[in-house]
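These are my notebook entries on the packing of secondary-structure elements. The sequence and structure come first.

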Amino acid sequence: MLFEDLVLQGHAFSAPFVIAGIWFFGLVGPFFAWLTLTWAEKAARAEIAAQQETQRRARQLEAASQTSRQVTAILDVDELLGQVVKLIRDTFGYYHVAFFLVDAASHEIVLRAGIGQAEPAYQTHGLRLKIGGEGITGRVAWTGQPILCNDVSQDPNYYPDDRVPDTRSELAVPLRLGDAVVGVFDVQSHRLNAFHQDDVLVLQILADQVAIALENARLFRETRQQHAQVVKLSQDLERKVEERTKELDDAREELAHKATQLQQLLAITVRVQEEERGRIARDLHDGSNQLITGTLFELQAAQQSLLDRREHAALEKLETVKALLRKIDAENHRIILGLRPPILDAQGLAPALKWQANNFQQQCRIACSVEVCGQPIRLAPEIEIVVYRIVQESLNNISAHAHAQHVQILADFKRAEFLIAIEDDGVGFDRARVRADAPGQMGLIGMRERAQSIGGQMQVESVPGRGTRITLRVPLA
Ligand SMILES: Nc1ncnc2c1ncn2[C@@H]1O[C@H](COP(=O)(O)OP(=O)(O)O)[C@@H](O)[C@H]1O
Ligand SMILES: [Mg+2]
């Protein structure tokens with residue numbers, strides 16, 4: 001039955017009551033409808049917000065897992081942090097994202113990678129903050145606990161940075177390895193109340209992964225350094241072995257060379273001795289012996305004159321004998337001087353050198369001067385004779401090879417060292433050629449050997465056309 005039928009049939013309902021009912025429902029109905037709609041809209045909005053939040057969270061988690069996948073393989077710290085800041089900035093749209101690393105030596109954190117909203121690539125700027133003293137990040141490095149600040153203007157720890165003037169909220173979490181804080185991960189937003197407690201969780205997960213990746217990178221660097229060290233050590237070792245082997249080969253060659261030289265020297269010494277003996281024998285034969293024979297002859301003649309009682313003739317013969325004996329004495333003197341000049345033993349080096357230079361000048365017609373410096377003291381006899389022989393051999397070489405005009409001998413008696421230099425202005429010679437090509441020439445080698453036998457050092461300087469200088473230094477300890 002319809003409502004109209006009830007009215008028409010005069011049912012229990014009276015007309016005013018019906019009209020009031022219609023009026024009432026006409027008003028309340030729309031109100032309820034409006035309420036229902038508003039509620040539905042709110043519910044829909046809440047649903048959308050929840051969905052957005054879920055999506056945001058999903059994006060964050062996706063970013064976290066993507067980061068962990070990407071960064072663990074990167075072994076260069078700057079590249080690693082650079083990629084992470086860029087990824088976080090792009091995914092979350094933060095105003096600024098940065099990594100600080102702890103510098104334990106200076107007790108500071110150092111900005112190692114930072115990227116703003118509009119920046120194409122991350123930058124470092126070299127910003128340093130005192131651990132515990134400066135900024136929210138400095139505090140995080142000190143306490144090892146995250147700090148979420150949704151209004152930086154209210155935080156006395158906030159460190160205003162000109163490069164990020166619009167920061168309103170900041171969230172910083174520590175990079176931890178075991179108990180140690182190795183750095184700080186910092187994100188900033190230009191909105192107030194931008195961060196939620198969930199963000200702390202997500203960023204901390206990211207920070208933990210980055211910390212592990214950093215440790216991987218450090219271990220990799222360490223291993224690579226150790227490997228490089230091992231390679232370098234083994235190369236050094238190889239090089240040293242090579243060097244030693246070469247030194248040994250050189251020493252062996254030098255020894256063999258020395259042995260040959262010594263053999264040659266010995267042969268030459270023997271020859272020189274024989275020649276010297278021959279010369280002395282000739283000298284004695286030609287000089288003293290003939291004179292002695294003459295003396296004997298004159299003595300016999302004097303004897304005969306006495307027997308014949310011819311005293312005057314005997315006296316004359318004896319005068320001749322005296323003259324002959326004087327000649328023998330002079331001749332012997334000459335021979336002895338040639339063997340070893342008595343002036344060396346009697347008066348020492350300086351007078352002996354002057355005497356030697358004088359003789360050389362007279363015999364060879366080459367000007368020869370001697371300059372003596374310092375206090376000319378007596379040196380050990382073996383040193384004096386070696387010096388004398390070296391000068392003698394040098395003068396022999398000058399007369400034989402140099403075609404010199406002048407010779408200068410400098411003898412310097414220093415406190416700790418005796419130095420002698422024999423310099424000529426002759427034709428000079430090419431030392432390399434002489435050493436290599438003329439093994440038979442043992443004068444210079446013999447001089448060097450003599451010098452070494454008294455702990456001295458001999459140096460030969462010569463330039464073809466520009467003379468020669470032989471220098472001998474003997475330490476006087
Ligand atoms: N003062 C010098 N002036 C020019 N050449 C020299 C001089 N001293 C040495 N020499 C050169 O060095 C070579 C080697 O000298 P040395 O060893 O004494 O042998 P030797 O005198 O028997 O030739 C000589 O042959 C000569 O060519
Ligand atoms: Mg010679």
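Which residues in α8 meet which residues in α9? I found that Leu349, Ala352, Leu353, Gln356, Phe360 and Cys364 in α8 meet Glu384, Val387, Tyr388, Val391, Gln392, Leu395 and Ser399 in α9 (contact: C-beta atoms, placed from the backbone, within 7 Å). These residues divide into nine nonpolar, three polar and one charged (nonpolar: Ala, Val, Leu, Ile, Met, Phe, Trp, Tyr, Cys and Pro; charged: Asp, Glu, Lys and Arg; polar: the others, Gly among them).

I noted that the model is predicted: local features need pLDDT of at least 70, side-chain atom pairs count only at pLDDT 80 or more, and totals for chains, interfaces and linings use all residues. Residues are numbered from 1 along each chain as its sequence is written, while chains are lettered from A and ligands numbered from 1 in the order in which they are written.

I then looked up the geometry of α8 (residues 349-364) and α9 (residues 381-402): they pack at about 15°, with axes 11 Å apart (axes: lines fitted to C-alpha atoms, for helices over the stretch in contact; angles: 0 to 180 degrees between N-to-C directions). That makes α8 roughly parallel to α9 (under 35 degrees). Helices are DSSP runs of H or I, at least four residues, and strands of E, at least two, numbered from the N terminus.

I turned to the open sheet, whose six strands have the order β3-β2-β1-β6-β5-β4 with antiparallel pairing (pairing: at least two DSSP bridges). β3 (128-130) and β4 (147-149) stand at the edges with a single partner strand each, so one side of each lacks a neighbour in the sheet. β4 pairs with β5 (residues 169-177) over three bridges, and Leu148 stands opposite Leu171 in β5.

Technical notes: Angles under 35 degrees count as roughly parallel, over 145 as roughly antiparallel, 65 to 115 as roughly perpendicular and the rest as oblique. Two residues are in contact if their C-beta atoms, placed from the backbone, lie within 7 Å.
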